[in-house]
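Dear colleague,

I am handing over the structure below, and after it you will find a description of what was found. Please read the two together.

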Amino acid sequence: MIRTVVTADYEALSAAAADAIAATVERTPDALLLLATGDTPMGAYRVLAERRARGALDTSRLRVAQLDEYAGLAHGDRRSLYGWMERSFLEPLSIAAAGTIRLDASLPPAVACQAYDAAVAAAGGFELAILGLGPNGHLGFNEPPVARDAPTRLVPLTPESIVSNARYWGDEDDVPREALTCGMASMLAARQILLVVSGPHKREILSRTLDEAPSAEVPASWLQDAPGDVVVLADRDARPATP
Ligand code: PGA
């Protein structure tokens, strides 16, 4: 069952997402979070960092797994999604890199994916998955079409994802063509899932995610079948009031 919460704007969305994440951390201090990069969750991460800085949130036992990573990057490449996660979450929230679960693009893909899944299983699975919504409906880099039980794997990026990721790195030519992604099966098994969606450009794909029957063509629509507690947090631009 999906619960949808609509906020007035991005600022309210970020505050609500931070509240939801903080509630999980307070209830389960050593929770394993599956953590998206992308623009949408950045406001929530900033709010959490401010709370921690003023002593209102204890993240000392928190564990984090990365959601996806471009393939074929050299060590230290500016486009590393792990690097983005470090700058936006691990460092501001003072989470030790040693405890994080990585999709290591320097390893052969099958080895990296197997190591990732084994580490997630050993950690007891995800307590909370924090996800953004791709313009093509992807979660992580589970590009359409995708089965609801798709494993953690190497995937080619769709043209839509290449266009949309170009805004992070400058140009379409700067976007790697393949990525490792946490599979649909693992993320849907999270005990809680928080999908954050902002802006009018996400309106149509969010409607297809929530209002149509689940299908491989809209990966996020599989959230309708997730066994855990699923909350979709959207701002009014992404989810206008129905007339
Ligand atoms: P965004 O990315 O939060 O930057 O819009 C979402 C995604 O493509 O998964």
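The lining of the largest pocket is made up of eleven nonpolar, eleven polar and four charged residues, where Ala, Val, Leu, Ile, Met, Phe, Trp, Tyr, Cys and Pro count as nonpolar, Asp, Glu, Lys and Arg as charged, and the others, Gly among them, as polar. Please keep in mind that this is a predicted model, in which local features need pLDDT of at least 70 and side-chain atom pairs count only at pLDDT 80 or more, while totals for chains, interfaces and linings use all residues. Residues are numbered from 1 along each chain as its sequence is written, and side-chain values use heavy atoms, with hydrogens and water left out.

The volume of the largest pocket is about 340 Å³, and of the 26 residues that line it, Thr 37, Gly 38, Asp 39, His 138 and Tyr 168 are the closest to its centre. A pocket here is an open set of points on a 1 Å grid over the protein atoms alone, where a 1.4 Å probe fits, with protein on both sides within 12 Å along at least five of seven lines, and lining residues have an atom within 4 Å of a point; the volume is the space filled by probe spheres set on the points, which are joined across faces, edges and corners. Strand E4 (68-70), helix H3 (81-90) and helix H5 (159-169) each give two or more residues to this lining, and H5 gives the most, with four. Helices (H or I, at least four residues) and strands (E, at least two) are DSSP runs, numbered from the N terminus.

The ligand takes up the space of this largest pocket, in the sense that more than half of its atoms lie within 2 Å of the grid points. Around the ligand are Gly 38, Asp 39, Thr 40, Leu 133, Gly 134, Pro 135, His 138, Arg 167, Tyr 168 and Lys 202, each with a heavy atom within 4 Å of it.

Turning to the backbone, the peptide bond from Pro 144 to Pro 145 is cis, with omega near -5 degrees, and Pro 145 is in the loop between strand E5 (128-132) and strand E6 (153-156).

With best regards
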